[in-house]
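Here is a short note for a colleague meeting this structure for the first time. Have the model open as you read, and take the points in order.

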Amino acid sequence: MIEQLSELYGRQIPSRDVSPSLLNDSAVCRRPAFDGAYCQRCGQSADRRSTTLPNGAIYCPHCIQMGRLTSNDELCTIAEPNQFTSRLPALTWTGVLTTLQAACSHRIQAAFEQRQDTLLWAVTGAGKTEMLFPGIAWALEAGLRVAVASPRVDVCLELAPRLQAAFNAVDQAVLYGDMKGAYQYCQLTICTTHQLLRFYHAFDVLVVDEVDAFPFASDPGLKYASEQAKKPNGALLYLTATPSDWLQRAARKGELVMTYLPIRYHGHLLPEIKVVRTRDWRAKMHQGRLPDRLVRQMRENFTHRRRFLLFAPHVADLPALKRALELTFPGETVVTVHATDPERHAKVSRMRSRELNFLVTTTILERGVTFPEIDVFVLGAEDQVFSTAALVQIAGRAGRSASDPDGAVRFYANQLTEVIKTAQQQIKFVNRKARRIQHDSVRPM
């Protein structure tokens, strides 16, 4: 139950969740939750044939995970007042951007200042987060409200401490579905894109990271939420390494200003995908065996103490894969992780602290996490669960550190699919662009 006026600043909360003592406050604006059949929270329509309740109201099935919203409800908000008084220098990060990063960062800050919607297309490992820092610092020092959103909880939990360290004098809120603690009004917010459904004209600057990721890429309600969460005169920045067709079309039409960075912060190319053909890997796995070439590769990694991530298509594959790994490598600790694993964050932390030699995972770790000095293997890369964007992101987990920029990427697949080939082509495309940059940087003046 909302008890404080500040909890409604720039938010949209159903009236049933607001204290009766606040509902009559003159600062509270109330508007219908539905406009005809359209939900005002997520912008999508409800089919009356399947969503009509016994009392005659309809409900929205699209954003029901945020709490049921019906045509009898009202959404309550208070216009964002930007009650932030500190004008001290906000940025406490002391790192240094490369020349290319600094150029992109300057364009990002200019877009924030000019309230432009922007696309930053940068390869995995380009240092996108650090390139945001000067622009975010400008906004915070100007007393503006800022949010950084991502479709994935893991990405938010990775970003939060980095942003807290970069702006350690600025209060920040971290919002996601199963978070502990109550909502707090803050100048800097890190949240999942689903949490944007609770905001209305709240942010002067809104950054949406990993816009190609599930569920944002396939959910029009989340795109609507991101546009509605920023102020009408606010700036919206999309970040991605694999822009979708609609983002590229919007950039070509001039609806978005595009900034492009095809090379990693350390100046090295992306590791390219090597496909290793297998036969009936899943049948072998259920017999407690693994493809011979994968076994040889893993033994080589263990010998040279090279850590790695091993991706599998489905959660249902993990028990059999774990058993096959334990039978093949009885001396190794086999840990699996997936989206609904209650120990997910602890296991990722163990991998990050080098307690584990390797981690077996689903696509939950395809993006937003960084482990230095690792290789990446995908078993069953031909499976339809892997999109081109997912495979490019998975490959991008390797070679992210300057001390080890050439990690191996091996896809073990029954067949070479068009999706795999397209992922290979995308990486080769950006590497060609990067080579030109490398060439130009060493060319005599």
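1. D280 sits in the loop between β13 (274-277) and α8 (281-286); helices (H or I, at least four residues) and strands (E, at least two) are DSSP runs, numbered from the N terminus. Its phi is near 50°, a positive value in a residue other than glycine. Most residues other than glycine have a negative phi, and most peptide bonds are trans. D280 is partly exposed, with a relative accessible area of 48%; buried means under 20%, exposed over 50% and partly exposed in between, with a 1.4 Å probe and protein chains only.

2. Before going further, please note that this is a predicted model, in which local features need pLDDT of at least 70 and side-chain atom pairs count only at pLDDT 80 or more, while totals for chains, interfaces and linings use all residues. Residues are numbered from 1 along each chain as its sequence is written, and side-chain values use heavy atoms, with hydrogens and water left out.

3. Where else is phi positive in a residue other than glycine? Look at R115, where phi is near 55°. R115 belongs to the loop between α3 (99-113) and β6 (118-122), and it is partly exposed at a relative accessible area of 31%.

4. Which peptide bond is cis? The one from F214 to P215, with omega near 0°. P215 lies in the loop between β10 (203-208) and α6 (220-229).

5. Both F214 and P215 turn up again at the largest pocket: among its 33 lining residues, they lie nearest the centre together with P151, R152 and I364. A pocket is an open set of points on a 1 Å grid over the protein atoms alone, with protein on both sides within 12 Å along at least five of seven lines; a cavity is a set where a 1.4 Å probe fits but cannot get out, and lining residues have an atom within 4 Å of a point. The volume of the largest pocket is about 830 Å³, counted as the space filled by probe spheres set on the points, which are joined across faces, edges and corners. Helices α5 (153-166), α11 (344-352) and α12 (388-395) each supply at least two lining residues.

6. Take a moment over α12, too: 8 of its 8 residues are buried. Among them are L391, V392 and I394.

7. The second largest pocket holds about 490 Å³ of space. Its lining has 27 residues, with G127, E130, R162, T370 and R400 closest to the centre. Two or more lining residues come from each of α4 (128-141) and α5, and α5 gives the largest share, 4 residues.

8. There is 1 cavity of 30 Å³ or more. The lining of the largest cavity includes C42, H62, C63, H194 and D219.

9. Finally, the aromatic rings: the whole structure has 14 aromatic pairs, meaning rings of Phe, Tyr and Trp (its six-membered ring) with centres within 6.5 Å, where planes under 30 degrees apart count as stacked, over 60 as edge-to-face and the rest as tilted. F302 and F329 have ring centres 5.1 Å apart and planes at 80°, so this pair is edge-to-face. The two are 27 residues apart, with F302 in helix α9 (residues 292-303) and F329 in the loop between α10 (318-328) and β15 (336-337). F302 is buried at 19% relative accessible area, and F329 is buried at 7%. Ring pairs link both into a cluster with F308, F358, F377 and Y412.
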